[in-house]
Amino acid sequence: MKGVFPLGKFKETDTPFYYYDTDLLRATLRTINTEAGKHEGFCVHYAVKANANPKLLNIICQAGLGADCVSGGEIQAALNAGFPNDKIVFAGVGKSDWEINLALDKNIFCFNVESVPELDVINELACKKGKVARVAFRINPNVGAHTHANITTGLAENKFGIAMEDMESVIGKAVSMENVKFIGLHFHIGSQILDMGDFAALCNRINELQKQLEAHHVEIENINVGGGLGIDYTHPNKVPMPDFKAYFDTYARHLKLRKGQTLHFELGRSVVGQCGSLISKVLYVKKGTAKQFAIIDAGMTDLIRPALYQAYHKIENISSDCTMQTYDVVGPICESSDVFAKAIDLNECHRGDFVAIRSAGAYGEIMASGYNCRILPKGYIAEDMR
Ligand SMILES: *Cc1c(COP(=O)(O)O)cnc(C)c1O
C-alpha cells in the first residue's frame with residue numbers, strides 16, 4: 001500500500017519540499033483531545049521543537065493544545081501562531097538572559113528549570129522586573145527508555161534535569177526566594193518510546209517522589225511528564241496514528257494524581273510525525289557492479305535523521321507502478337552518511353520520478369540546514385496544493 005499524494009500539483013512545485021497531510025494532522029489532534037479528555041486534569045502541550053512550521057502551529061493551536069518551547073525563538077513562534085501566553089512552558093538546560101527576559105515579559109505559564117544556577121538567574125531577572133516567575137523543576141528520574149541512545153534523556157548520565165537526591169534542597173531554595181514560585185515537577189525520559197512499560201516506570205518513580213515530598217509537606221500543583229510517545233516508521237499507511245488511548249490510559253492507571261493536580265503532557269513526534277513526507281525527485285539511476293543507486297535531489301540537509309540517528313524512513317516511488325527493484329537511496333551532499341536507505345525495494349525508478357520519504361513530519365523540516373549552500377526545503381500543507 002502506498003500513500004496518496006496530489007501528484008499533479010507536485011509537478012508544478014520545485015523539489016525537494018515537505019508535504020503535510022493536514023487531514024491526518026487534524027484527525028490526530030481530535031484523537032488526542034478525545035483520549036486525554038477522558039481523564040480529569042490531563043492537559044496536553046505540543047513540543048514546538050518537533051516542527052515549527054507556522055501553518056502547522058496554527059492548526060495545533062486551534063485544537064487547544066498548549067506549547068512546550070525550548071528557546072526564545074520557539075516562544076516567539078508559538079505566540080505568533082496564536083498560542084496564549086498562559087499555555088506556554090519553557091524548558092532547556094541553557095536558557096540565555098534574553099530568553100528568560102522574553103518569557104518574563106510575556107508572562108508565560110511556567111519555566112521548567114534544570115539547575116540551581118539557572119534558578120538563581122531567573123530569580124534575579126524576575127526581581128529586576130518586579131515579577132514572580134512560576135517554576136517547575138525538571139527532575140532526572142533515572143529511568144531508562146528503550147530507544148536510541150542519542151534520544152534517551154532520563155538517565156543519570158544525561159545532561160538534563162536535577163538529580164533526585166538534590167530535589168528537596170532545590171525546592172527548599174525556591175520556596176525561600178522572593179521572585180520565583182514553585183508550582184510543580186517536570187520529567188521527560190526520551191523520545192520514540194513505544195513500550196508503555198517505560199511510561200509506567202516513570203509513573204512509579206513519580207509516585208515515590210510524591211510520597212517523599214508529601215512527608216515534607218511540599219505541595220505539588222502540576223506534574224509534567226514530557227513527551228516521547230513514538231510512531232510506527234515502518235507502517236505509515238497502516239498505522240497513521242500512535243495508540244493515544246493506551247498512552248493516556250497508562251498514565252491514568254499508574255500515576256496516582258492527587259485531588260486538584262494537573263498532569264501535563266508535551267507531545268511532539270506523535271502529533272506531527274506521520275502527517276509529513278519529504279517529497280523529492282529522482283535525478284539519476286546509477287548502476288554499480290553489485291548494486292544500483294537512486295540518486296535523489298533531497299539530501300541529509302533536508303532530513304538529517306537517517307544520517308544522525310540511523311533512523312529508518314519508509315520510502316515510496318509515488319510516480320511508478322513498475323516492478324520492484326532494489327536500490328540504495330542517496331542524496332547529493334558531499335558526505336558518505338548522506339544515505340536515506342540501503343538495499344530497499346522500490347517500484348523501478350526513472351529520472352524525474354517522485355519519491356516520498358514518509359513519517360518525516362517531526363524533526364525533519366525544522367532540522368534542515370544550509371550545508372553545501374543548499375536552499376532550505378519549503379513546507380506545503382494539503383490546502384496549498386488544492
Ligand atoms: C523533545 C521534548 C519533548 C517532545 O518529545 P517527543 O519525543 O517529540 O514527543 C517534550 N518535552 C521536552 C522537555 C523535550 O525536550
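These legends go with close-up views of a predicted model.

**View 1. The largest nonpolar core.** Here we're looking at a set of 97 residues that make up the largest nonpolar core. If you want the residues with the most contacts inside this core, look for Phe111, Phe137, Phe248 and Tyr251. Helix α8, which spans residues 196-215, supplies the largest share of the core, with six residues. There's also another core lying apart from this one: it has 10 residues, and Phe17, Ile279, Ile318 and Phe354 are among them.

**View 2. The neighbours of Phe248.** Let's zoom in on Phe248, one of the residues with the most contacts inside the largest core. Leaving aside residues up to four places away in sequence, what does phenylalanine 248 touch? Its partners are Ile32, Glu35, Ala36, His39, Phe42, Val44, Phe265 and Leu267.

**View 3. A hairpin made by β11 and β12.** Strand β11 covers residues 276-287, and together with β12 it forms a hairpin, with four residues between the two strands. The pairing runs in the antiparallel sense and takes in five bridges.

**View 4. Strand β12 and its other partner, β14.** β12 also pairs with strand β14 (residues 324-330), this time in the parallel sense over three bridges. Phenylalanine 293 has aspartate 328 in β14 as its bridge partner. Why is β12 (residues 292-296) described as largely enclosed by the rest of the structure? Because four of its five residues are buried, where buried means under 20% relative accessible area.

Methods:
Residues numbered from 1 in each chain as written. Predicted model: local features only at pLDDT ≥ 70, side-chain atom pairs only at ≥ 80, totals over all residues. Heavy atoms only, no water. Core = buried A, V, L, I, M, F, W, Y, C linked by side-chain atoms within 4.5 Å. Buried < 20%, exposed > 50% of the residue type's maximum accessible area, 1.4 Å probe, protein only. Contact = heavy atoms within 4.5 Å. Pairing = 2+ DSSP bridges.
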